[in-house]
Amino acid sequence: MARRTAAEMVAEARARVPAVSPEEARATPEALIVDLREPDEIAATGLIAGAAAIPRGWLEWRADPDSPWHDSRFELDRPVFLYCAVGGRAALAGVLLQELGFQDVRNLGGFQDWADKGLPVEKG
């Protein structure tokens, strides 16, 4: 198998996982918004109000309905909008959710994109 760089993997993931703007996300109240950042990142900045804080390393286990650690907020037919610090982890995680069978997965980008628009955030 040919070696790929992390940047190439993120670029491929961004091409596969459609973007969603903060405004579009806010207008889709049925969507599950997931913050993939680590707890120390969330503690420093807060998170989108109502978002599920699930670090990237736990996503497979929380999203998979067959996992003993499944989070019932994850439903295969429910829209899932992912974000992190700048959108790279969100893109990679979006591919993973697509492979798990999620039908509507989108990249919300970075936390600051939301916060800079003055949209609701809460302390982490």
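**Labels and their cut-offs**

Modeller: Gladly: 40% of the 124 residues of the protein count as buried. This is a predicted model, where local features need pLDDT of at least 70, side-chain atom pairs count only at pLDDT 80 or more, and totals for chains, interfaces and linings use all residues. Residues are numbered from 1 along each chain as its sequence is written, and side-chain values use heavy atoms, with hydrogens and water left out.

Colleague: What makes a residue count as buried?

Modeller: Buried means under 20% relative accessible area, exposed over 50%, and partly exposed in between, with a 1.4 Å probe and protein chains only. In strand β1 (residues 32–35), Leu32, Ile33, Val34 and Asp35 are all buried. Leu32 and Val34 point one way, Ile33 and Asp35 the other.

Colleague: What makes β1 and β4 a pair?

Modeller: Strands are DSSP runs of E with at least two residues, helices are H or I runs of at least four, and both are numbered from the N terminus. Two strands pair if DSSP finds at least two bridges between them. Four bridges join β1 to β4 (residues 80–84), in parallel, so the pair meets the rule. Leu32 stands opposite Val80 there. Two bridges also join β1 to β3 (residues 52–53), again in parallel, and Asp35 has Ala53 as its bridge partner.
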